[in-house]
Amino acid sequence: MIQGIGTYMLVDPIGKTDSGITTYVHFAEKFLLKQGLSVLVKTRNPKESMTSFRKRIAAAANACTSEGRKLVIEAPETGASTLSVNSDRTKLHVRLHCSKNLGLIVQGQQALSESLGLEQQELTRANMISAPSQSAFSASRKIFQLPERISIYPNPAPDIEASNSNKQKATKTRPYVLFVGRWHRLKGNLFLMEFAEKLPEIDFKAVTTSPYLSKSKLPANLIVLDGARWNKKEVYENASLVVIPSIF
């Protein structure tokens, strides 16, 4: 899919530092640049409407193809960011990150039928569909009509060797179990609190940017750190164990 292309555009319709999609786009850009590709990243401002963002993606795509450059656009299914793009001149790659509609259904809520239909439309006209895992593919098939087989490969990760080189500089702290992400039921925050309550002898830390989090309701051994102020790499390096209790 990436061989012989002129420009590879990565689309981030979320644009928040605590978003998995935003993190993925950041690392994917670094990975593709190392492969020698010309990479263009388009990120939505959280205050920008999806309609405006879709038009901006289409305008950027037109600018690339009008110059005679070949273009591949990779976007998540969430938000149907490529809706306004002319697919006759552009290759579309939709990556399944587990749609927000799927998250609503998992939580026992009603999916948004209009956005669900738009997401299905982009999946139907995509030249390529991929997912980071078989489970993400299987879960997505519960709400979308998808081909029997798609490309499955993991999300790119940070340079582990480079990260370990700074290990000696990390601050020594008492061992703790770490959770990083949005403080939300979908991310398993209720499970995390249950772990902490049942294991009072173990320290737990949660790095999150959720402003509505009430510390008064947390177990005494669960410390919450402001994700906007902490260096994630250092927090990860000091953790004894990272837990991902997502209900996905």
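Predicted model: local features only at pLDDT ≥ 70, side-chain atom pairs only at ≥ 80, totals over all residues.
So, a polar contact here is a pair of N or O atoms within 3.5 Å, where, within protein, one must be able to donate a hydrogen and the other to accept it.

Okay, Glu74. You'll find Glu74 in strand β3, which covers residues 71-76. Is Glu74 buried or exposed? Its relative accessibility is 5%, and since buried means under 20%, Glu74 counts as buried.

What does Glu74 touch, once we skip residues up to four places away in sequence? The list runs Tyr8, Met9, Leu10, Val11, then Tyr24, and finally His93 and Arg95. Take Val11 from that list: Glu74 and Val11 sit 63 residues apart in sequence, yet their C-alphas are 6.1 Å apart in space. And here's where the polar contact comes in: the Glu74 side chain makes one with the side chain of Tyr8, at 2.5 Å.

Now, over to the aromatics. A ring pair gets described by the distance of the centres and the angle of the planes. The count for this model is 1 aromatic pair. That's Phe179 with Trp183: the ring centres are 6.1 Å apart and the planes are at 85 degrees, so we call the pair edge-to-face. Phe179 and Trp183 are both buried, by the way.

Last stop, the surface. Phe191, Phe195 and Leu199 make up a nonpolar patch there, and together they have about 240 Å² of accessible area. Phe191 belongs to helix α7, residues 189-198. With a relative accessible area of 38%, Phe191 comes out as partly exposed.

Notes
Residues numbered from 1 in each chain as written. Heavy atoms only, no water. Helix = DSSP H or I, 4+ residues; strand = E, 2+ residues; numbered from the N terminus. Buried < 20%, exposed > 50% of the residue type's maximum accessible area, 1.4 Å probe, protein only. Contact = heavy atoms within 4.5 Å. Patch = residues over 30% accessible without salt bridge, like charges linked within 9 Å, V, L, I, M, F, W, Y side chains within 5 Å. Areas by Shrake-Rupley, 256 points an atom, 1.4 Å probe, with all protein chains shown as cover. Salt bridge = Lys/Arg side-chain N within 4 Å of Asp/Glu carboxyl O. Phe/Tyr/Trp six-rings, centres within 6.5 Å; stacked < 30°, edge-to-face > 60°.
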